[in-house]
Amino acid sequence: MIKLVSVKKSYKTGAEHTEVLKDVSIDIDKGKYVSITGPSGSGKSTLLHLIGD
Ligand SMILES: Nc1ncnc2c1ncn2[C@@H]1O[C@H](COP(=O)(O)OP(=O)(O)OP(=O)(O)O)[C@@H](O)[C@H]1O
Ligand SMILES: [Mg+2]
């Protein structure tokens, strides 16, 4: 299973500091299918990369 507890992620590009994920907590049971939805730029890819690490 996958478990995230209060995960934060931000990007720093020069002087800019973008908070993308703020306190994300999820539990996904083994064998479950889950979809991540949200508008463009909301952090879906960021979340998936994080889970993949
Ligand atoms: N390598 C990076 N450096 C700086 N900012 C980034 C980087 N990757 C993503 N971001 C920023 O993080 C935010 C979330 O991006 P992300 O790609 O996770 O969104 P998304 O939900 O997957 O969007 P889309 O539906 O367009 O794929 C955006 O504001 C984006 O500009
Ligand atoms: Mg994406």
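## A tour from fold to ligand

From the N terminus, the elements of the protein chain run β-β-α. That makes 1 helix and 2 strands. Keep in mind that this is a predicted model.

**Whole chain.** Show the C-alpha trace first. Along its principal axes it spans about 40 × 20 × 15 Å. Now colour the chain by burial. Of the 53 residues, 17% are buried.

**The shell.** Select ligand 1 and the residues around it: Tyr 11, Thr 13, Val 20, Pro 39, Ser 40, Gly 41, Ser 42, Gly 43, Lys 44, Ser 45 and Thr 46. By class, this shell has 7 polar, 3 nonpolar and 1 charged residues.

**Elements at the ligand.** Highlight β1 (2–13) and α1 (44–52). Each supplies at least two residues of the shell around ligand 1. The largest share, 3 residues, comes from α1.

**Polar contacts.** Zoom in on the oxygen atoms of ligand 1. Start at Thr 46: an N or O atom in its side chain is 2.5 Å from a ligand oxygen. Move to Ser 40, where a polar side-chain atom lies 2.6 Å from an oxygen atom of ligand 1. Then pick Gly 41. Here a polar backbone atom is 2.8 Å from an oxygen atom of the ligand.

Finish with the ligand's own surface. On its own, ligand 1 has 640 Å² of accessible area, and the protein covers 57% of that.

Methods:
Residues are numbered from 1 along each chain as its sequence is written. Chains are lettered from A and ligands numbered from 1 in the order in which they are written. This is a predicted model: local features need pLDDT of at least 70, side-chain atom pairs count only at pLDDT 80 or more; totals for chains, interfaces and linings use all residues. Side-chain values use heavy atoms; hydrogens and water are left out. A residue is near a molecule or strand if one of its heavy atoms lies within 4 Å of it. A polar contact is a pair of N or O atoms within 3.5 Å; within protein, one must be able to donate a hydrogen and the other to accept it, and residues adjacent in sequence count only if both atoms are side-chain atoms. Accessible areas come from the Shrake-Rupley method with a 1.4 Å probe; for residues, only the protein chains shown count as cover. Helices (H or I, at least four residues) and strands (E, at least two) are DSSP runs, numbered from the N terminus. Ala, Val, Leu, Ile, Met, Phe, Trp, Tyr, Cys and Pro count as nonpolar, Asp, Glu, Lys and Arg as charged, and the others, Gly among them, as polar. Buried means under 20% relative accessible area, exposed over 50%, partly exposed in between (1.4 Å probe, protein chains only).
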